[in-house]
Amino acid sequence: MTELTKAAELAGAVAKHRKLTARKKIMRTIGITLGAILMATGLEIFLVPNHVIDGGITGISIMLSHLTGVALGIFLFLLNLPFVYLGFKQMGKTFAISTIYGIIVLSVFTSLFHTVPAFTDDILLATVFGGIILGVGVGLVIRNGGALDGTEILSILINKKVPFSVGEIIMFINVFILGTAGFVFGWDRAMYSLLAYVIAAKAIDTVVAGLEESKSVWIISDEADKIGEVVNARLGRGVTYLKGEGAFTGDDKKVVFSIITRLEESKLKSIVEEIDPSAFLAIADITEVRGGRFKKRDIH
C-alpha cells in the first residue's frame, strides 16, 4: 500500500468520523437551544435585575449593558464573535457552528426576557438560583459540543504563550472581571457575583460530568480472580482482567478493571481489604461511560 493510498484512507476515515447523523444533529440542536434559554433565564430573570454578574465575556457584557443602556443580547453577540472565529481555528467547524447558534439563541432570549419582571428581589436567592440555572444551561451547551462564552477559547490560546494552565488563566481573567464589578455595582454585589460564579461553575461540572459520578477502578493483586468474582457477585458490576508485568520484579500480574459509582466505592474497598489487604487499589473519577456492559446487574 502506497503512502498516498494510506493518506487517502486516513482522510476518508476522518471525514466519516466527523459526520453526524440526523438524529444526533437534532439532539445537539435541542440541547444547545435549551441550554441557551436556561442561561438567558438565569441572567435576565435572576442575576441582572439584582446587579449580580457572571464571569467571562458574559460579565463584561452585563457591565457594558448597564453603563450604556444597550441591550445585553447585543453585547453578548458582538463580544463573542471574535472567539467563535478563534474556536473555528482551534476546534473545527462543528464547534464553531454549534457555538454561534447557541450565542444567537442566547442573545435573542436575553432580549425577550429583558422585560420580564425579576423572579425575586432577594439577593441571596437570586444569586443561588440564578447561578444554578445559568450553570445548568452552560453545561448543556458544552455537553452538546458548543460554548456560550469565549473566555475558555481565549485561555487556550494564552496558555500556549505563558507558563500557566488554562484553569489558572480563566481564574485570573474572572477575578479581574468580578473585581471590576465592585466599581460598577458596589462591592457587596461583587461578592455576590463571585458566589454566583462558583455556584455556576459547580453546576457546569455536574452537568458535563454527569450526576452518577462514575469511577474507574484498577486492582493489582495475587487474588485477582477471587476479587473479580466477588465484585461481580456482591456489586453486580462486570470486571475485565488485564495482563500486567511488574517493572521492578518482572513478575506477571493480573489486573482487575471495573467501573463503579461513588455509592459503591466504600463497599468495593471493603471487598478488596477483606480478600487481599496488600492489594494495590487505584480509583479515579471519570466523566462519561458509554457502551460495553456498564449497566448494573441485579444482585440476588
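This is a predicted model: local features need pLDDT of at least 70, side-chain atom pairs count only at pLDDT 80 or more; totals for chains, interfaces and linings use all residues.
Met39 lies in helix H2, which covers residues 22-47. With a relative accessibility of 1%, Met39 counts as buried, because the cut-off for a buried residue is under 20%. Apart from residues up to four places away in sequence, Met39 touches Thr58, Leu106, Leu134, Gly137, Val138 and Leu148. Ile133 stands 94 residues from Met39 along the chain, yet their C-alpha atoms are separated by 6.5 Å.

Met39 also belongs to the largest nonpolar core, which has 35 residues. Met39, Leu43, Ile53, Ile62, Leu106 and Leu134 have the most contacts inside this core. At least two residues of the core come from each of H2, H3, H4, H5, H6, H8 and H9. The most come from H2, which gives 8 residues.

**Helix H3 and Thr58**

H3 runs over residues 56-68. The 13 residues of H3 should span 18 Å at 1.5 Å a residue, and the end C-alpha atoms are 19 Å apart, so the two values agree. Buried residues in H3 are Gly56, Ile57, Thr58, Gly59, Ser61, Ile62, Met63 and Ser65. After H3 comes Gly69, which has a positive phi near 85 degrees.

Thr58 is part of H3. Its relative accessible area is 0%, and Thr58 is therefore buried. Leaving aside neighbours within four places in sequence, Thr58 is in contact with Met39, Leu43, Leu76, Leu148 and Asp149.

The table sets out the two residues.

| Residue | Helix | Relative accessibility |
|---|---|---|
| Met39 | H2 | 1% |
| Thr58 | H3 | 0% |

**The strand pair**

Strand E2 (residues 239-245) and strand E3 (residues 252-261) are paired in the antiparallel sense, with 7 bridges. One of the bridge pairs joins Leu242 to Val255 in E3. The hairpin of E2 and E3 has 6 residues between the strands, and Gly250 in this hairpin takes a positive phi near 80 degrees.

Definitions and conventions
Residues are numbered from 1 along each chain as its sequence is written. Side-chain values use heavy atoms; hydrogens and water are left out. Helices (H or I, at least four residues) and strands (E, at least two) are DSSP runs, numbered from the N terminus. Buried means under 20% relative accessible area, exposed over 50%, partly exposed in between (1.4 Å probe, protein chains only). Contact means heavy atoms within 4.5 Å. A nonpolar core is a set of buried Ala, Val, Leu, Ile, Met, Phe, Trp, Tyr and Cys residues joined through side-chain atoms within 4.5 Å. The expected span of a helix is 1.5 Å times one less than its number of residues. Two strands pair if DSSP finds at least two bridges between them.
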